[in-house]
Amino acid sequence: MKTITTDELQKRVEAGEVVNIIDVREPDEVATGMIPGAKHIPLGEVEERIGELDTEKEYYMICRSGRRSEMSSGILESNNIAATNVEGGMLAWNGETIA
């Protein structure tokens with residue numbers, strides 16, 4: 001499974017790169033702030049919402065600390081969708097967030 005640090009992801013976001021971020025935290029967690037442009041799909045809905053994702057794109061999966069995003073990355077990979085787990089999750093994110 002591919003991984004990326006929050007610092008590496010933040011550099012890509014701030015450089016204006018197109019990055020497809022999926023936040024798999026629960027709604028109450030996302031209400032505290034998420035990365036601008038991220039799509040919210042709670043972990044429990046990832047499998048049923050897989051059809052919303054483009055098999056031609058790579059997705060960066062993030063949660064609070066990295067465990068749920070790791071699980072969701074596995075779900076995407078098992079459905080032939082490229083996924084990268086963001087190590088450390090939002091606890092390690094130092095970039096901008098929106099409510």
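Not counting residues up to four places away in sequence, R25 touches V30, T32, G33, M34, H40, P42, I62, C63, R64, R68 and M90. The model in which these contacts occur is a predicted one. R25 sits in the loop between β2 (20-23) and α2 (27-30). Its relative accessible area is 4%, under the 20% limit, so R25 is buried. The side chain of R25 also makes a polar contact, at 2.7 Å, with the side chain of D23.

In soluble globular proteins, nonpolar side chains tend to be buried together. Here the largest nonpolar core has 14 residues, and the members that touch the most other members are I22, V24, L53, Y59, M61 and L76. Two or more residues of this core come from each of β4 (58-62) and α3 (67-78). What does L53 contact, leaving aside its neighbours within four places in sequence? L53 is in contact with I22, I41, Y59, L76 and I81. Another core, of 13 residues, lies apart from the largest one; L9, M34, I35 and W93 are among its members.

Two further buried residues are found in helices. S73 lies in helix α3. With a relative accessibility of 0%, S73 counts as buried. Beyond four places in sequence, S73 touches M1, M61, A83, T84 and N85. Q10 belongs to helix α1 (residues 6-14). Is Q10 buried or exposed? The relative accessible area of Q10 is 15%, and a residue is called buried under 20%, so Q10 is buried. Q10 touches W93, N94 and G95, again not counting residues up to four places away in sequence.

The charged pairs remain. How many salt bridges does the structure hold? There are 7 salt bridges in the structure. One of them joins K2 and E58, with the closest N and O atoms 3.0 Å apart. Because K2 lies in strand β1 (residues 2-5) and E58 in strand β4, this pair ties together parts that are 56 residues apart in sequence. K2, at 45% relative accessibility, counts as partly exposed. E58 is partly exposed too, with a relative accessible area of 24%; the class applies because this value lies between the 20% and 50% limits.

R49 takes part in two of the salt bridges described here. In the pair of E45 and R49, the closest N and O atoms are 2.9 Å apart. In the pair of R49 and E52, the side chains meet at 2.8 Å, N to O. E45 counts as partly exposed at 29% relative accessibility, and E52 is partly exposed with a relative accessible area of 41%. Salt bridges that share partners join K39, E45, R49 and E52 into one network.

Terms used
Residues numbered from 1 in each chain as written. Predicted model: local features only at pLDDT ≥ 70, side-chain atom pairs only at ≥ 80, totals over all residues. Heavy atoms only, no water. Helix = DSSP H or I, 4+ residues; strand = E, 2+ residues; numbered from the N terminus. Buried < 20%, exposed > 50% of the residue type's maximum accessible area, 1.4 Å probe, protein only. Contact = heavy atoms within 4.5 Å. Polar contact = N/O pair within 3.5 Å; in protein donor to acceptor, adjacent residues only side chain to side chain. Core = buried A, V, L, I, M, F, W, Y, C linked by side-chain atoms within 4.5 Å. Salt bridge = Lys/Arg side-chain N within 4 Å of Asp/Glu carboxyl O.
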